[in-house]
Amino acid sequence: MGKLKVALYWAASCGGCEIAQLMIGEKILKLVEAADIVFWPVAIDVKYKDVEVMPSKSIDACLFNGGIRNSEQEHVAKMLREKSKIMISYGACAHEGGIPGLGNLHNKERIFQTVYFDTPSTDNKDKVVPQPKFQVPEGELNIPVFYDSVKTLHHTVDVDYTIPGCPPEERTTWLALEALITGKLPPKGTVITHTAKAVCDECLRRKGEKKVKAFYRTWQKVPEPETCLLEQGFLCAGVATRGGCGALCPQANMPCTGCYGPVEGVADQGAHFLGAVASIIDSKDPDEVKKIVDTIPDPVGTFYRYSLPDSLLRRARIK
Amino acid sequence: MSWEPKIVGFLCNWCSYRGADLAGTARMKSAPNVRIVRVMCSGRVEPAFVLKALELGADGVLVLGCHPGDCHYAEGNYKAMRRFPLLKKMLAQMGVEDDRVRLDWVSASEGDRFVAIVNDMTEKVRALGPFARNS
């Protein structure tokens, strides 16, 4: 068998996924032994037009990170889908929209208003905002069209596998790459992790009955290092999040933020996290419940930190 | 054809569903807009049920359970009571109007209360108009 052909791409993401891919360390030598990297904008100089002329399905696997925020990303996602036998959604943004997906609380108009006018350091007297088309003497210039919503990769093209995480842990990345190299890939649609259970399953903290009178953010109180963070009132997403990361954040005294996405069989991670959190409120008095709920200032940003575009409602309605 | 609000009602088996039943057997008239799903307890209604109903085409979601203190399972309706304020706070951020989602209590003997809540909610959702889903 010849070498595999692998493509890597970034869309609406921060670049952390590229670093995560390099975090496999010397195992990258095993990867390049088994595979040729034919497209990787961050590292090698291959242009879109070079990909365009590749035959259909000539790439064995594409690792695609980042959500779909503009027309360029959508175009490349569709092109790479057509050229690739296997499309792998890499990282929380491709998987569920990720942090940029919180932009779905707003729309293009509001985002542009903030970015090009309202931020204190912006000096935009001529009220210039990006135009997708612009006429210059040399001809027409084009930039990608910015969309109202961030979409996940699987809402845009057919996805075969998902490697979750923000960014994916080294062991998760390698689990998938090893399966790819050895040809032992799981059934289509699998989210590739070491476990399909929740983060709590890997978390070593002591877990007891959960009854909470107030919720805290990490700057408000130092967590006690051995008891379940949720029991202490920290909004730890471990209960609603797929494990496989090794529960690293709770071990470092930080609540899980939910980057590995929902556990198997759950459609809406945020709703499950919200349900779990609300159920441990220790009160039967509606007024007190409301007071306790008010200690959570940003429910969407907390419960859907990485998954708003993949939630049941997908985005906020804006009038 | 004029638009009619579609409301999904999750009614607990022990109080509210029987309250609705009583309204029916007593031939009380109520707005026909609520599609009832019987659940064993209002505590069974996960936030995801409410979101799923909205996603699948509901214009409003009504959850009815036993009055606090009367739950057949002692504590179930308190779970619903704790979830709702947080769910509604989240829905407000998502641009879902307050009147589209409602939690209330109806006992097995309160057929009239069931009718009043259904009529009130139907009118409020009608005033809001269709729930436009997001693409």
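User: What makes the radius of gyration of chain B agree with that of a compact globule?

Analyst: The radius of gyration is taken over C-alpha atoms, and the globule rule is 2.2 Å times the number of residues to the power 0.38. For 135 residues that rule gives a value near 14 Å, and chain B has 14 Å, so the two agree. Along the principal axes, the C-alpha atoms of chain B fill a box of roughly 40 × 35 × 20 Å. Please keep in mind that this is a predicted model: local features need pLDDT of at least 70 and side-chain atom pairs count only at pLDDT 80 or more, while totals for chains, interfaces and linings use all residues. Residues are numbered from 1 along each chain as its sequence is written, with chains lettered from A and ligands numbered from 1 in the order in which they are written.

User: Which helices and strands does chain B have, and in what order?

Analyst: Chain B has four helices and four strands, and from the N terminus on they run β-α-β-α-β-α-β-α. Both kinds are DSSP runs numbered from the N terminus: helices are H or I with at least four residues, strands are E with at least two.

User: What makes α9(A) mostly covered?

Analyst: In helix α9 (residues 269-279) of chain A, 10 of the 11 residues are buried, among them H272(A), F273(A) and L274(A). The cover includes α11 (299-303) of chain A, together with α2 (47-55) and α3 (76-93) of chain B.

User: How many residues take part in the contact between the chains?

Analyst: Chain B gives 24 residues and chain A gives 27. The largest share of chain B's side, 11 residues, comes from α3(B). By class, that side of chain B has 14 nonpolar, three polar and seven charged residues. Here Ala, Val, Leu, Ile, Met, Phe, Trp, Tyr, Cys and Pro count as nonpolar, Asp, Glu, Lys and Arg as charged, and the others, Gly among them, as polar.

Notes. A residue is buried if 20 or more other C-beta atoms lie within 10 Å of its own, exposed if 12 or fewer, and partly exposed in between; C-beta atoms are placed from the backbone. Two residues are in contact if their C-beta atoms, placed from the backbone, lie within 7 Å.
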